Amino acid sequence: MTAPSLVPMTEPAPELSVILPAFNERANIPVMVERLSRALDGIDWEVIVVDDNSPDGTSALARDLGSRDRRVRCIRRVGRRGLAGACIEGMLASSAPYVAVMDADGQHDETLLAAMVTKLRQCESDLVVASRYIDGATGTGFSTGRAKASQWSTTLARKLLKVELTDPMSGFFMLRREVIEDLAPKLSTQGFKILLDIAATGREVLRVTELPYVFGARLAGESKLDARVALDFGQLLLAKLTHDAVSYRFVLFCLVGLSGIGAHMATLAVLHGIGVPGFGLQQTIATMVAIAWNYVFNNAYTYRDQRLSGWAFARGLIEFQLICSVGAISNVGVASLIYDGGPTWWIAGFGGAVMGAVWNYTVSAAVVWKAH
Ligand code: GDD
Ligand code: MN
(Lines give C-alpha, C1' and ligand atoms only; values in the text may rest on other atoms or scores of the structure.)
(Ligands and ions follow the chains in the order given, each with its own letter.)
Protein backbone atom coordinates (compact mmCIF):
# COMPACT_ATOMS: atom_id res chain seq x y z
CA MET A 1 0.00 0.00 0.00
CA THR A 2 1.23 3.50 -0.75
CA ALA A 3 1.20 6.09 1.98
CA PRO A 4 -1.79 8.44 1.85
CA SER A 5 -0.61 11.59 0.15
CA LEU A 6 -3.76 13.70 0.34
CA VAL A 7 -2.76 15.62 3.44
CA PRO A 8 -0.14 18.21 2.56
CA MET A 9 2.88 18.00 4.84
CA THR A 10 2.76 21.50 6.21
CA GLU A 11 5.12 21.23 9.10
CA PRO A 12 7.10 18.05 9.73
CA ALA A 13 8.25 16.94 13.16
CA PRO A 14 11.34 18.67 14.51
CA GLU A 15 14.74 17.00 14.32
CA LEU A 16 15.06 16.64 18.08
CA SER A 17 12.65 15.98 20.96
CA VAL A 18 14.04 16.70 24.42
CA ILE A 19 12.21 14.70 27.07
CA LEU A 20 12.09 16.27 30.52
CA PRO A 21 10.70 13.85 33.12
CA ALA A 22 9.39 16.09 35.86
CA PHE A 23 7.98 15.71 39.31
CA ASN A 24 7.45 18.94 41.25
CA GLU A 25 9.67 20.94 38.91
CA ARG A 26 7.33 23.85 38.27
CA ALA A 27 9.91 26.51 39.07
CA ASN A 28 12.51 24.91 36.80
CA ILE A 29 10.52 24.39 33.59
CA PRO A 30 10.56 27.99 32.30
CA VAL A 31 14.31 28.22 32.95
CA MET A 32 14.85 24.91 31.12
CA VAL A 33 12.87 26.09 28.08
CA GLU A 34 14.85 29.30 28.03
CA ARG A 35 18.16 27.42 28.27
CA LEU A 36 17.15 24.94 25.56
CA SER A 37 16.20 27.81 23.22
CA ARG A 38 19.65 29.23 23.60
CA ALA A 39 21.56 25.95 23.41
CA LEU A 40 19.64 24.62 20.41
CA ASP A 41 19.75 27.70 18.25
CA GLY A 42 19.89 26.47 14.63
CA ILE A 43 18.42 23.04 15.43
CA ASP A 44 14.72 22.28 14.94
CA TRP A 45 13.62 21.04 18.38
CA GLU A 46 10.75 20.55 20.78
CA VAL A 47 10.58 19.74 24.46
CA ILE A 48 8.19 17.17 25.97
CA VAL A 49 7.62 17.60 29.70
CA VAL A 50 6.38 14.32 31.21
CA ASP A 51 4.76 15.15 34.52
CA ASP A 52 3.27 12.58 36.90
CA ASN A 53 0.48 14.85 38.03
CA SER A 54 2.77 16.78 40.40
CA PRO A 55 0.98 18.55 43.24
CA ASP A 56 2.89 21.74 42.45
CA GLY A 57 1.13 22.10 39.09
CA THR A 58 4.10 21.41 36.83
CA SER A 59 1.87 20.32 33.94
CA ALA A 60 -0.42 23.35 34.16
CA LEU A 61 2.62 25.54 33.81
CA ALA A 62 3.99 23.49 30.90
CA ARG A 63 0.58 23.69 29.16
CA ASP A 64 0.56 27.42 29.63
CA LEU A 65 3.97 27.73 28.04
CA GLY A 66 2.88 25.36 25.28
CA SER A 67 -0.21 27.40 24.48
CA ARG A 68 2.11 30.22 23.52
CA ASP A 69 5.03 28.22 22.14
CA ARG A 70 4.34 25.08 20.07
CA ARG A 71 7.81 23.75 20.85
CA VAL A 72 6.68 23.07 24.41
CA ARG A 73 4.60 19.90 24.74
CA CYS A 74 3.38 18.18 27.87
CA ILE A 75 2.25 14.72 28.87
CA ARG A 76 0.37 14.62 32.16
CA ARG A 77 0.26 11.10 33.55
CA VAL A 78 -2.44 10.44 36.10
CA GLY A 79 -2.27 7.59 38.63
CA ARG A 80 1.27 6.61 37.69
CA ARG A 81 4.69 7.33 39.10
CA GLY A 82 8.19 6.44 38.02
CA LEU A 83 11.10 7.97 36.20
CA ALA A 84 11.77 5.15 33.73
CA GLY A 85 8.15 4.89 32.64
CA ALA A 86 7.90 8.68 32.25
CA CYS A 87 11.02 8.73 30.03
CA ILE A 88 9.74 5.86 27.87
CA GLU A 89 6.33 7.46 27.37
CA GLY A 90 7.92 10.79 26.51
CA MET A 91 10.23 9.21 23.94
CA LEU A 92 7.37 7.23 22.41
CA ALA A 93 5.34 10.44 22.02
CA SER A 94 7.98 11.86 19.70
CA SER A 95 8.03 11.70 15.90
CA ALA A 96 11.46 13.29 15.65
CA PRO A 97 14.43 11.27 14.37
CA TYR A 98 16.46 12.06 17.51
CA VAL A 99 15.27 11.94 21.11
CA ALA A 100 17.11 13.15 24.23
CA VAL A 101 16.36 12.64 27.92
CA MET A 102 17.60 14.98 30.65
CA ASP A 103 16.70 16.13 34.17
CA ALA A 104 14.23 18.99 34.32
CA ASP A 105 16.24 20.68 37.08
CA GLY A 106 19.23 22.10 35.20
CA GLN A 107 21.73 19.52 36.51
CA HIS A 108 22.53 18.29 33.01
CA ASP A 109 24.52 20.66 30.82
CA GLU A 110 22.21 21.50 27.92
CA THR A 111 25.05 22.99 25.90
CA LEU A 112 26.15 19.41 25.21
CA LEU A 113 22.96 18.68 23.24
CA ALA A 114 24.23 20.22 19.99
CA ALA A 115 27.35 18.01 20.09
CA MET A 116 25.14 14.99 20.75
CA VAL A 117 23.02 15.81 17.70
CA THR A 118 26.19 16.13 15.62
CA LYS A 119 27.29 12.65 16.74
CA LEU A 120 23.96 11.13 15.67
CA ARG A 121 24.00 13.01 12.36
CA GLN A 122 27.38 11.46 11.61
CA CYS A 123 25.58 8.10 11.52
CA GLU A 124 28.20 6.26 13.52
CA SER A 125 26.28 5.98 16.77
CA ASP A 126 22.77 5.05 17.83
CA LEU A 127 23.08 6.16 21.44
CA VAL A 128 25.08 9.09 22.79
CA VAL A 129 25.57 9.19 26.56
CA ALA A 130 26.65 12.23 28.54
CA SER A 131 29.10 10.84 31.09
CA ARG A 132 30.19 12.26 34.43
CA TYR A 133 33.23 10.00 34.50
CA ILE A 134 35.20 10.54 31.31
CA ASP A 135 38.58 12.31 31.65
CA GLY A 136 38.10 12.48 35.39
CA ALA A 137 35.12 14.80 34.91
CA THR A 138 33.57 15.33 38.34
CA GLY A 139 30.47 17.16 39.36
CA THR A 140 29.49 19.71 41.93
CA GLY A 141 25.96 18.31 42.27
CA PHE A 142 27.06 15.04 43.86
CA SER A 143 27.56 14.14 47.51
CA THR A 144 30.49 11.78 48.21
CA GLY A 145 28.13 9.06 49.43
CA ARG A 146 26.21 9.12 46.20
CA ALA A 147 29.39 9.31 44.13
CA LYS A 148 30.58 6.11 45.85
CA ALA A 149 27.28 4.32 45.30
CA SER A 150 27.30 5.42 41.70
CA GLN A 151 30.83 4.09 41.10
CA TRP A 152 30.01 0.84 42.81
CA SER A 153 26.94 0.25 40.67
CA THR A 154 28.92 1.18 37.56
CA THR A 155 31.40 -1.60 38.34
CA LEU A 156 28.59 -4.11 38.92
CA ALA A 157 26.86 -3.11 35.70
CA ARG A 158 30.07 -3.67 33.79
CA LYS A 159 30.94 -6.99 35.38
CA LEU A 160 27.47 -8.54 35.48
CA LEU A 161 25.63 -7.00 32.56
CA LYS A 162 28.68 -6.42 30.33
CA VAL A 163 27.60 -2.86 29.72
CA GLU A 164 30.75 -0.96 28.79
CA LEU A 165 29.72 2.52 29.79
CA THR A 166 31.69 4.82 32.09
CA ASP A 167 28.39 6.18 33.44
CA PRO A 168 25.54 3.67 33.02
CA MET A 169 23.54 5.53 35.68
CA SER A 170 23.50 8.73 33.66
CA GLY A 171 20.09 10.32 33.24
CA PHE A 172 21.33 12.34 30.26
CA PHE A 173 21.47 10.74 26.81
CA MET A 174 20.27 10.97 23.22
CA LEU A 175 19.31 8.25 20.78
CA ARG A 176 17.76 7.52 17.40
CA ARG A 177 14.04 7.15 17.82
CA GLU A 178 14.05 3.70 16.16
CA VAL A 179 16.14 2.47 19.10
CA ILE A 180 13.43 3.20 21.62
CA GLU A 181 10.66 2.04 19.26
CA ASP A 182 12.42 -1.34 19.06
CA LEU A 183 13.40 -1.72 22.70
CA ALA A 184 10.41 -0.19 24.52
CA PRO A 185 8.41 -3.42 24.95
CA LYS A 186 11.40 -5.04 26.67
CA LEU A 187 12.19 -2.20 29.09
CA SER A 188 11.15 -1.93 32.71
CA THR A 189 8.92 1.04 33.52
CA GLN A 190 9.90 0.83 37.19
CA GLY A 191 12.81 2.56 38.78
CA PHE A 192 15.46 5.05 37.75
CA LYS A 193 17.83 3.01 35.62
CA ILE A 194 16.44 3.72 32.21
CA LEU A 195 19.79 4.15 30.44
CA LEU A 196 21.28 0.99 31.93
CA ASP A 197 18.17 -0.89 30.87
CA ILE A 198 18.42 0.44 27.30
CA ALA A 199 22.16 -0.29 27.10
CA ALA A 200 21.81 -3.81 28.55
CA THR A 201 18.76 -4.72 26.47
CA GLY A 202 20.25 -3.40 23.24
CA ARG A 203 23.80 -4.51 24.03
CA GLU A 204 24.26 -6.60 20.89
CA VAL A 205 23.12 -3.98 18.41
CA LEU A 206 23.67 -0.48 19.76
CA ARG A 207 26.64 1.63 18.71
CA VAL A 208 27.36 3.81 21.71
CA THR A 209 29.36 7.02 22.09
CA GLU A 210 30.08 8.85 25.33
CA LEU A 211 30.71 12.54 25.78
CA PRO A 212 32.01 14.13 29.00
CA TYR A 213 30.12 16.77 30.95
CA VAL A 214 30.08 18.21 34.44
CA PHE A 215 27.08 17.34 36.62
CA GLY A 216 25.81 20.60 38.05
CA ALA A 217 23.73 21.65 41.02
CA ARG A 218 19.93 21.62 41.01
CA LEU A 219 18.19 24.90 40.16
CA ALA A 220 15.22 24.68 42.56
CA GLY A 221 13.45 21.92 44.49
CA GLU A 222 14.89 18.67 45.75
CA SER A 223 16.08 15.30 44.46
CA LYS A 224 13.55 12.50 44.14
CA LEU A 225 16.21 9.85 44.45
CA ASP A 226 16.36 7.94 47.73
CA ALA A 227 17.35 4.53 49.08
CA ARG A 228 14.88 2.99 46.66
CA VAL A 229 17.44 3.45 43.91
CA ALA A 230 19.53 0.65 45.39
CA LEU A 231 16.47 -1.62 45.31
CA ASP A 232 15.72 -0.57 41.74
CA PHE A 233 19.23 -1.41 40.75
CA GLY A 234 19.13 -4.87 42.35
CA GLN A 235 15.83 -5.49 40.63
CA LEU A 236 17.17 -4.60 37.20
CA LEU A 237 20.30 -6.72 37.67
CA LEU A 238 18.25 -9.72 38.71
CA ALA A 239 15.77 -9.31 35.84
CA LYS A 240 18.50 -8.95 33.22
CA LEU A 241 20.66 -11.76 34.60
CA THR A 242 17.78 -14.25 34.72
CA HIS A 243 16.08 -13.03 31.51
CA ASP A 244 13.09 -11.88 33.55
CA ALA A 245 12.58 -15.36 35.02
CA VAL A 246 13.01 -14.39 38.68
CA SER A 247 11.06 -11.49 39.98
CA TYR A 248 12.79 -9.31 42.50
CA ARG A 249 9.57 -9.00 44.41
CA PHE A 250 9.47 -12.76 44.86
CA VAL A 251 13.01 -12.74 46.25
CA LEU A 252 12.08 -10.00 48.72
CA PHE A 253 8.92 -11.90 49.59
CA CYS A 254 10.97 -15.02 50.37
CA LEU A 255 13.47 -13.04 52.45
CA VAL A 256 10.64 -11.56 54.48
CA GLY A 257 9.25 -15.10 54.83
CA LEU A 258 12.58 -16.30 56.21
CA SER A 259 12.58 -13.52 58.78
CA GLY A 260 9.02 -14.62 59.63
CA ILE A 261 10.41 -17.98 60.78
CA GLY A 262 12.47 -16.08 63.35
CA ALA A 263 9.36 -14.19 64.49
CA HIS A 264 7.49 -17.49 64.72
CA MET A 265 10.13 -19.18 66.87
CA ALA A 266 10.52 -16.16 69.16
CA THR A 267 6.75 -15.99 69.74
CA LEU A 268 6.61 -19.70 70.40
CA ALA A 269 9.40 -19.40 72.98
CA VAL A 270 7.58 -16.57 74.77
CA LEU A 271 4.20 -18.39 74.80
CA HIS A 272 5.91 -21.53 76.04
CA GLY A 273 7.78 -19.54 78.68
CA ILE A 274 4.69 -17.83 80.11
CA GLY A 275 2.85 -21.16 80.11
CA VAL A 276 0.06 -20.71 77.54
CA PRO A 277 -1.74 -24.08 77.68
CA GLY A 278 -1.38 -26.58 74.85
CA PHE A 279 1.19 -26.72 72.06
CA GLY A 280 -1.56 -26.52 69.41
CA LEU A 281 -2.71 -23.13 70.72
CA GLN A 282 0.88 -21.89 71.06
CA GLN A 283 1.67 -22.91 67.48
CA THR A 284 -1.53 -21.31 66.13
CA ILE A 285 -0.82 -17.97 67.83
CA ALA A 286 2.83 -18.06 66.71
CA THR A 287 1.72 -18.72 63.12
CA MET A 288 -0.67 -15.77 63.17
CA VAL A 289 2.04 -13.53 64.61
CA ALA A 290 4.47 -14.67 61.89
CA ILE A 291 1.92 -13.99 59.15
CA ALA A 292 1.25 -10.51 60.58
CA TRP A 293 5.00 -9.91 60.74
CA ASN A 294 5.38 -10.96 57.10
CA TYR A 295 2.49 -8.73 56.13
CA VAL A 296 3.97 -5.65 57.77
CA PHE A 297 7.39 -6.14 56.16
CA ASN A 298 6.05 -7.07 52.73
CA ASN A 299 3.87 -3.98 52.85
CA ALA A 300 6.85 -1.83 53.85
CA TYR A 301 9.49 -3.25 51.48
CA THR A 302 8.29 -5.79 48.91
CA TYR A 303 5.36 -3.58 47.94
CA ARG A 304 6.66 -0.22 49.05
CA ASP A 305 5.55 1.30 45.76
CA GLN A 306 1.94 0.37 46.53
CA ARG A 307 2.01 0.42 50.31
CA LEU A 308 -1.39 0.07 52.00
CA SER A 309 -2.37 2.33 54.86
CA GLY A 310 -5.41 3.09 57.04
CA TRP A 311 -8.42 0.86 56.37
CA ALA A 312 -6.77 -0.72 53.34
CA PHE A 313 -3.94 -1.83 55.65
CA ALA A 314 -6.38 -3.52 58.05
CA ARG A 315 -8.33 -5.18 55.22
CA GLY A 316 -5.05 -6.35 53.64
CA LEU A 317 -3.95 -7.91 56.94
CA ILE A 318 -7.11 -9.99 57.18
CA GLU A 319 -6.84 -11.06 53.54
CA PHE A 320 -3.19 -11.95 54.01
CA GLN A 321 -3.98 -14.04 57.12
CA LEU A 322 -6.60 -15.99 55.19
CA ILE A 323 -4.41 -16.49 52.11
CA CYS A 324 -1.44 -17.65 54.16
CA SER A 325 -3.59 -20.07 56.17
CA VAL A 326 -4.57 -21.75 52.92
CA GLY A 327 -0.86 -21.58 51.97
CA ALA A 328 0.03 -23.43 55.17
CA ILE A 329 -2.55 -26.13 54.45
CA SER A 330 -1.31 -26.61 50.87
CA ASN A 331 2.27 -26.64 52.21
CA VAL A 332 1.47 -29.57 54.50
CA GLY A 333 -0.58 -31.27 51.77
CA VAL A 334 2.18 -31.13 49.18
CA ALA A 335 4.86 -32.13 51.69
CA SER A 336 2.83 -35.20 52.77
CA LEU A 337 2.23 -36.17 49.15
CA ILE A 338 5.96 -36.04 48.35
CA TYR A 339 6.80 -37.82 51.60
CA ASP A 340 4.40 -40.66 50.77
CA GLY A 341 6.06 -41.11 47.37
CA GLY A 342 9.54 -41.67 48.78
CA PRO A 343 10.18 -40.57 52.31
CA THR A 344 13.11 -38.15 52.09
CA TRP A 345 12.02 -35.74 54.79
CA TRP A 346 13.91 -32.67 53.60
CA ILE A 347 12.82 -32.92 49.94
CA ALA A 348 9.23 -33.26 51.10
CA GLY A 349 9.60 -30.38 53.56
CA PHE A 350 11.28 -28.14 50.99
CA GLY A 351 8.69 -28.98 48.34
CA GLY A 352 5.93 -28.04 50.73
CA ALA A 353 7.61 -24.79 51.70
CA VAL A 354 8.12 -23.81 48.03
CA MET A 355 4.49 -24.62 47.30
CA GLY A 356 3.34 -22.49 50.24
CA ALA A 357 5.61 -19.56 49.27
CA VAL A 358 4.51 -19.59 45.63
CA TRP A 359 0.87 -19.78 46.64
CA ASN A 360 1.18 -16.98 49.19
CA TYR A 361 3.10 -14.81 46.75
CA THR A 362 0.86 -15.32 43.74
CA VAL A 363 -2.43 -14.98 45.55
CA SER A 364 -1.41 -12.06 47.75
CA ALA A 365 -0.12 -10.24 44.65
CA ALA A 366 -3.50 -10.73 43.01
CA VAL A 367 -5.65 -9.96 46.05
CA VAL A 368 -3.82 -7.84 48.61
CA TRP A 369 -1.49 -5.69 46.49
CA LYS A 370 -3.47 -5.63 43.28
CA ALA A 371 -1.83 -2.92 41.18
CA HIS A 372 1.49 -4.31 40.07
N1 GDD B 1 7.54 12.14 35.67
C2 GDD B 1 8.37 11.81 36.69
N3 GDD B 1 7.98 10.84 37.57
N4 GDD B 1 9.55 12.42 36.82
C5 GDD B 1 10.35 12.08 37.85
C6 GDD B 1 10.01 11.09 38.79
C7 GDD B 1 8.74 10.45 38.63
O8 GDD B 1 8.34 9.57 39.40
N9 GDD B 1 11.02 10.98 39.70
C10 GDD B 1 11.96 11.88 39.32
N11 GDD B 1 11.55 12.55 38.22
C12 GDD B 1 12.26 13.59 37.47
C13 GDD B 1 12.76 14.73 38.32
O14 GDD B 1 11.79 15.76 38.42
C15 GDD B 1 13.98 15.18 37.55
O16 GDD B 1 13.65 16.03 36.48
C17 GDD B 1 14.52 13.87 36.96
O18 GDD B 1 13.41 12.98 36.93
C19 GDD B 1 15.66 13.25 37.78
O20 GDD B 1 15.30 13.20 39.16
P21 GDD B 1 16.18 13.93 40.28
O22 GDD B 1 15.40 13.89 41.53
O23 GDD B 1 16.64 15.24 39.77
O24 GDD B 1 17.38 12.91 40.37
P25 GDD B 1 18.90 13.23 40.74
O26 GDD B 1 19.36 14.47 40.08
O27 GDD B 1 19.05 13.14 42.21
O28 GDD B 1 19.60 11.94 40.07
C29 GDD B 1 20.60 11.97 39.08
O30 GDD B 1 21.29 10.75 39.04
C31 GDD B 1 20.49 9.65 38.67
C32 GDD B 1 21.27 8.37 38.73
O33 GDD B 1 22.53 8.51 39.21
C34 GDD B 1 19.99 12.27 37.72
O35 GDD B 1 21.04 12.45 36.78
C36 GDD B 1 19.13 11.15 37.25
O37 GDD B 1 18.67 11.44 35.91
C38 GDD B 1 19.94 9.87 37.27
O39 GDD B 1 19.11 8.78 36.90
MN1 MN C 1 18.42 16.00 39.09
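Mentor: We shall take the ligand, one arginine and the cores in turn. This is a predicted model, in which local features need pLDDT of at least 70, side-chain atom pairs count only at pLDDT 80 or more, and totals for chains, interfaces and linings use all residues. Residues are numbered from 1 along each chain as its sequence is written, chains are lettered from A and ligands numbered from 1 in the order in which they are written, and side-chain values use heavy atoms, with hydrogens and water left out.

Trainee: How many residues surround ligand 1, and which are the closest?

Mentor: There are 25, counting a residue if one of its heavy atoms lies within 4 Å. The closest are Glu25, Arg81, Gln107, Ser223 and Lys224. The shell comprises 10 nonpolar, 5 polar and 10 charged residues.

Trainee: Which polar side-chain atoms lie by a nitrogen or an oxygen of ligand 1?

Mentor: One of Asp52 is 2.7 Å from a ligand nitrogen, and one of Arg218 is 2.9 Å from a ligand oxygen. From Pro21, a backbone N or O atom lies 2.8 Å from an oxygen of ligand 1. The protein buries 97% of the 730 Å² that ligand 1 exposes when taken alone (Shrake-Rupley method, 1.4 Å probe).

Trainee: Turning to Arg77, where is it found?

Mentor: Arg77 sits in the loop between strand 3 (72-76) and helix 3; helices (H or I, at least four residues) and strands (E, at least two) are DSSP runs numbered from the N terminus.

Trainee: Is Arg77 buried or exposed?

Mentor: Arg77 counts as buried because its relative accessibility is 3%; buried means under 20%, exposed over 50% and partly exposed in between, with a 1.4 Å probe and protein chains only. Its side chain makes a polar contact with that of Glu89 at 3.0 Å (N or O atoms within 3.5 Å, one able to donate a hydrogen and the other to accept it; residues adjacent in sequence count only if both atoms are side-chain atoms).

Trainee: And the largest nonpolar core, how many residues has it?

Mentor: It has 35, with Met91, Phe173, Leu175, Ile194, Leu196 and Ile198 making the most contacts inside it. Such a core joins buried Ala, Val, Leu, Ile, Met, Phe, Trp, Tyr and Cys residues through side-chain atoms within 4.5 Å. Helix 7 (residues 194-201) gives the largest share, 6 residues. Another core, of 34 residues, lies apart from it and includes Ile29 and Val47.

Trainee: Why is helix 7 described as largely enclosed?

Mentor: Because 7 of its 8 residues are buried, including Asp197.

How values were computed
Ala, Val, Leu, Ile, Met, Phe, Trp, Tyr, Cys and Pro count as nonpolar, Asp, Glu, Lys and Arg as charged, and the others, Gly among them, as polar.
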